[in-house]
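Here is a set of questions and answers for someone meeting this structure without any background. Please look at the sequence and the model together as you read.

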Amino acid sequence: MEKLESLIQWGIALDEIPPEGISFSFENLSDFDNDLKVIKPFSGHLKIIKRGFEVEVSGHLEGSLEVICDRCLESFEYPIKEDFKVLLIPKASLNIQEEKELSADDLEVSFYENSFISYYEILKEELYLSLPYRILCKEDCKGLCPVCGTNLNKNSCQCAKIKKSSPFAVLKDFLKDKEKISEKGV
Ligand SMILES: [Zn+2]
Ligand SMILES: [Zn+2]
């Protein structure tokens, strides 16, 4: 299993990429980042093609991460199975990137530094990108009760009854009473 120190150096210098490009597969990657908890180690393949200073990377990545539901805060296993394609440009060339953003259809653009293509950085970025903006353990996760903190997927609580007498409900009752009063008044 690859350890983080060796993973960080895992990559290729720009001028070592042969004209025909390189492709290879990998497996059993688990030490990506302290923020990424791997459950099922990642495997996949990468294809690296150099076009001048631009490097096109395509590949496949699959495994699973432990993530935390944004609503109920429970951790759960999130499987990832992604095909990706990213264009790497030198970090110093920001104006080139602006051009790319204008011309590129939906091609993802990222950077490389010091003439080194870091496979580790590419895969780490893809992992982050493959996570949804809002992570939910299930579409209809009921979340936590805002009053007592009970996980409403597992238990129910009494707070929902209090919830019914929300300011709006109270107002409705008040209006009803008022109607009754005015009816009486007639
Ligand atoms: Zn949840
Ligand atoms: Zn509650």
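Q: How many residues does helix α3 have, and what distance does it reach from its first C-alpha to its last?
A: In this predicted model, helix α3 covers residues 119-130. It has 12 residues, and at 1.5 Å a residue the expected reach is 16 Å. The distance from its first C-alpha to its last is close to that expectation, at 16 Å.

Q: Which residues of α3 are buried, and why do they line one face of the helix?
A: Seen down the axis of α3, the buried residues fall within an arc of 135°, so they line one face of the helix. The face turned away from that buried side carries the exposed residues Tyr-128 and Leu-129. The buried residues of α3 are Ile-122, Leu-123, Glu-126 and Leu-127.

Q: Against which strands do the buried residues of α3 pack?
A: Helix α3 lies across β3, β4, β5 and β6, and runs at about 125° to β5. Its buried residues, Ile-122, Leu-123, Glu-126 and Leu-127, pack against β4, β5 and β7 (116-118).

Q: What is the order of the strands in the open sheet, and which strands stand at its edges?
A: The open sheet has five strands in the order β2-β3-β4-β5-β6, and its pairing is mixed. Two of these strands have a single partner strand each, so one side of each is left without a neighbour in the sheet. From one strand to the next, the twist averages 25°. The strands at the edges are β2 (22-29) and β6.

Q: In which sense do β5 and β6 pair, parallel or antiparallel?
A: Elsewhere in the sheet, β2 and β3 pair in the antiparallel sense over six bridges, while β3 and β4 pair in the antiparallel sense over 12 bridges. Strands β4 and β5 also run antiparallel, joined by 14 bridges. Between β5 and β6 there are five bridges, with Leu-87 standing opposite Val-109 in β6, and the sense of this pairing is parallel.

Q: Which residue takes a positive phi in the hairpin of β3 and β4, and which one has a positive phi in the turn between β4 and β5?
A: The hairpin of β3 and β4 has two residues between the strands, and the positive phi there is near 65° and belongs to Gly-52. The hairpin of β4 and β5 has six residues between its strands, and the residue in its turn with a positive phi of about 65° is Leu-73.

Q: How many residues does the largest nonpolar core have?
A: In soluble globular proteins, nonpolar side chains tend to be buried together. Here the residues with the most contacts inside the largest nonpolar core are Ile-48, Val-55, Val-57, Leu-88, Tyr-112, Ile-117 and Leu-123. Strands β3 and β4 and helix α3 each supply at least two residues of this core. The number of residues in the largest nonpolar core is 13.

Q: What share of the residues in the protein chain is buried?
A: The protein chain has five helices and seven strands, which follow the pattern α-β-β-β-β-β-α-β-β-α-α-α along the sequence. Among contacts between residues at least 6 apart in sequence, 52% join residues at least 24 apart. Of the 186 residues in the protein chain, the share that is buried is 13%.

Technical notes: Residues numbered from 1 in each chain as written. Chains lettered and ligands numbered in written order. Predicted model: local features only at pLDDT ≥ 70, side-chain atom pairs only at ≥ 80, totals over all residues. Pairing = 2+ DSSP bridges. Helix = DSSP H or I, 4+ residues; strand = E, 2+ residues; numbered from the N terminus. Axes fitted to C-alpha atoms, helices over the stretch in contact; angles between N-to-C directions. Contact = placed C-beta atoms within 7 Å. Expected span 1.5 Å × (residues − 1). Buried ≥ 20, exposed ≤ 12 C-beta atoms within 10 Å, placed from the backbone. Arc of directions from axis to C-beta. Core = buried A, V, L, I, M, F, W, Y, C linked by C-beta atoms within 7 Å.
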